[in-house]
Amino acid sequence: MASVNISGSVSDSATGDLVRNAIVYFLEPDGKSTVTTTDALGHYSLAVLPGKTGCSLVVSQCDHLENRITNVATTGGAITQINISLQHLGSVTGILQVTNGTASKAVGGALVQIRSSVTGDVLAQQSTSPTGTYLFSGLEDGSYIVEWA
């Protein structure tokens with residue numbers, strides 16, 4: 001049985017830049033999957049069996065939010081072009097210091113947490129480095145509150 005080719009490109013939704021090394025999954029309802037990655041130019045190509053319905057195309061990359069396209073169907077002999085954009089994830093970083101008069105001292109080993117300013121939910125927590133630095137990555141666009149104890 002001849003396969004159907006699904007191909008396209010993956011781009012950053014904010015910049016339009018093509019995204020290399022993104023993982024592209026073609027998921028069938030029965031759990032079978034076909035996987036590839038985008039090339040250096042952000043393009044991908046998958047060969048899948050025809051006659052499939054109710055499938056999904058899922059694309060992820062470490063510093064982008066996953067995108068899922070549902071109800072993808074394959075038809076015999078057709079070449080399907082599906083271009084996908086991913087939302088870039090951000091980060092919050094800083095240095096925890098205590099100031100006494102005019103002198104500042106880094107605080108290492110302090111517990112720092114980040115909360116959503118909308119829901120108040122704690123999203124992550126960590127200890128500062130010996131130099132007082134912290135980094136929360138993989139964050140969606142939004143407002144956050146950083147607290148320390």
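**Ground rules**

I am working with a predicted model, where local features need pLDDT of at least 70, side-chain atom pairs count only at pLDDT 80 or more, and totals for chains, interfaces and linings use all residues. Residues are numbered from 1 along each chain as its sequence is written, and side-chain values use heavy atoms, with hydrogens and water left out.

**Entry 1: salt bridges**

I began with charged pairs, since side chains of opposite charge can pair when their charged atoms come close. How many salt bridges does a search of the whole structure find? I got two, taking a salt bridge as a side-chain nitrogen of Lys or Arg within 4 Å of a carboxyl oxygen of Asp or Glu.

One of them joins Lys 52 to Glu 28, with N to O at 3.2 Å. This pair links distant parts of the chain, 24 residues apart: Lys 52 sits in the loop between β4 (43–48) and β5 (55–61), and Glu 28 in the loop between β2 (23–27) and β3 (33–37).

I then checked how open the two residues are. Buried means under 20% relative accessible area, exposed over 50%, and partly exposed in between, with a 1.4 Å probe and protein chains only. Lys 52 is partly exposed because its relative accessibility is 21%, whereas Glu 28 has 12% and is therefore buried.

Next I looked up Glu 147 and Arg 115, whose closest N and O atoms are 2.9 Å apart in a salt bridge. Here too distant parts of the chain are linked: Glu 147 belongs to strand β15 (residues 144–148) and Arg 115 to strand β12 (residues 111–116), 32 residues apart. Glu 147 is partly exposed, at 26% relative accessibility.

**Entry 2: the sheet with β12 and β15**

Those two strands sent me to their sheet. It is open, has three strands in the order β13-β12-β15, and pairs in the antiparallel sense; two strands pair if DSSP finds at least two bridges between them. Why is one side of β13 (122–127) and of β15 left without a neighbour in the sheet? Both stand at the edges with a single partner strand each, so one side of each has no neighbour there. Neighbouring strands of this sheet are turned by 20 degrees against each other on average, direction ignored. My angles are between lines fitted to C-alpha atoms, and run from 0 to 180 degrees between N-to-C directions.

Among the partners, Leu 111 goes with Ser 127 and Val 112 with Gln 126. Five residues lie between the strands of this hairpin, where Gly 120 takes a positive phi near 80 degrees.

**Entry 3: His 64**

Is His 64 buried or exposed? His 64 is buried, at 9% relative accessibility, and its place is in strand β6 (residues 64–72).

I noted two side-chain polar contacts for His 64: one with Asp 12 at 2.9 Å and one with His 88 at 3.3 Å. A polar contact is a pair of N or O atoms within 3.5 Å; within protein, one must be able to donate a hydrogen and the other to accept it, and residues adjacent in sequence count only if both atoms are side-chain atoms.

Setting aside neighbours within four places in sequence, His 64 is in contact (heavy atoms within 4.5 Å) with residues including Val 19, Leu 86 and Leu 89.

**Entry 4: Thr 93 and the Tyr 134 stretch**

Thr 93 is in strand β9 (residues 90–95) and is exposed, with a relative accessible area of 56%. Which residues does Thr 93 touch, not counting those up to four places away in sequence? I found Tyr 134 and Leu 135. The side chain of Thr 93 reaches the backbone oxygen of Tyr 134 at 2.8 Å. Thr 93 and Leu 135 are 42 residues apart in sequence, yet their C-alpha atoms are 4.3 Å apart in space.

The rings of Tyr 134 and Phe 136 have centres 6.0 Å apart and planes at 50 degrees, so the pair is tilted. The rule takes rings of Phe, Tyr and Trp (its six-membered ring) with centres within 6.5 Å; planes under 30 degrees apart count as stacked, over 60 as edge-to-face and the rest as tilted. Tyr 134 is buried at 14% relative accessibility, and Phe 136 is buried at 3%.

Note on methods. Helices (H or I, at least four residues) and strands (E, at least two) are DSSP runs, numbered from the N terminus.
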